[in-house]
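Welcome! Take a moment to look over the structure below before reading on.

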Amino acid sequence: MYASETDWRAVDGYFAGLLVAEDEALAAARQSGRQTTMPAAEVAPNQGKLLALLCQLAGAVRVLEFGTLAGYSTIWLARAAGPDGHVTTLELEEHNAAIARSNLERAGVTHLVDLIVGPAVDSARKLIAQDAEPYDLVFIDADKPSNPAYLQASLALTHAGSMIVIDNVVRDGAVIDPGSPDRRVQGVRAVVEDIAGDPRLEATALQTVGIKGWDGFLIIRRTS
Ligand code: DHB
Ligand code: MG
């Protein structure tokens with residue numbers, strides 16, 4: 001017997017209820033995601049906590065995020081990076097950035113975050129041109145067709161030992177369809193092939209189910 005989406009939600013709720021404390025600022029950020037151009041696309045609470053734990057377990061203090069939306073994952077990452085940490089987060093839409101700014105303020109992390117508005121590939125290119133200090137952790141969670149470009153930019157902005165996490169790599173299972181007409185699926189498949197062919201990168205991918213349905217995270221360690 002297969003578990004239904006109702007079951008996945010209930011199990012997410014069970015674990016989150018015991019393990020994932022979302023304070024008022026995180027809850028408000030998640031709610032306000034509905035007002036963005038990508039309603040309810042932010043990571044689930046248990047996934048936000050996973051990002052925070054990965055950040056802390058890796059000892060990451062400099063974090064780069066592609067795709068801010070309402071700043072929900074940004075808050076998790078900024079808090080995890082800690083008072084000496086820094087998050088640079090890249091957002092295409094000023095409409096979303098305005099929502100994120102008020103969420104970051106409410107969460108008390110504004111001083112830890114640089115929110116850069118514009119196409120993320122351009123923003124990343126500027127960071128590269130400015131010789132930005134390398135990042136320890138990168139979270140790629142923006143428009144999926146650009147995943148390969150975001151990975152390439154990340155490789156110019158990280159160091160041996162950095163971690164890169166990519167969201168939404170399963171896409172309801174469509175990732176295995178080479179003929180998918182969905183550009184988001186092709187963006188995932190292209191980046192998976194780039195990772196597989198890059199000797200500097202070690203990676204794995206995990207399918208997730210829960211309040212966001214059937215999707216997944218890809219986790220990369222840059223070895224050199
Ligand atoms: C999509 C993007 C996301 O970042 C997400 O978490 C869910 C869906 C999308 O492009 O469909
Ligand atoms: Mg996502």
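How far from an oxygen atom of ligand 1 does a polar side-chain atom of arginine 171 lie? The distance is 2.7 Å.

## About the model

This is a predicted model, in which local features need pLDDT of at least 70 and side-chain atom pairs count only at pLDDT 80 or more, while totals for chains, interfaces and linings use all residues. Residues are numbered from 1 along each chain as its sequence is written, chains are lettered from A and ligands numbered from 1 in the order in which they are written, and side-chain values use heavy atoms, leaving out hydrogens and water.

## Around ligand 1

Let us start with the neighbours of the ligand.

## The largest pocket

Ligand 1 takes up the space of the largest pocket (a molecule sits in a pocket if more than half of its atoms lie within 2 Å of its grid points). A pocket is an open set of points on a 1 Å grid over the protein atoms alone, where a 1.4 Å probe fits, with protein on both sides within 12 Å along at least five of seven lines; lining residues have an atom within 4 Å of a point.

The volume of the largest pocket is about 790 Å³, counted as the space filled by probe spheres set on the points. Its lining has 34 residues, with Met38, Asp141, Ala142, Asp143 and Lys144 nearest the centre. By class, the lining has 15 nonpolar, eight polar and 11 charged residues.

## The second largest pocket

About 340 Å³ of space lies in the second largest pocket. Of the 18 residues lining the second largest pocket, Asp12, Asn46, Gln47, Leu50 and Thr208 lie nearest its centre.

Note on methods:
A polar contact is a pair of N or O atoms within 3.5 Å; within protein, one must be able to donate a hydrogen and the other to accept it, and residues adjacent in sequence count only if both atoms are side-chain atoms. Ala, Val, Leu, Ile, Met, Phe, Trp, Tyr, Cys and Pro count as nonpolar, Asp, Glu, Lys and Arg as charged, and the others, Gly among them, as polar.
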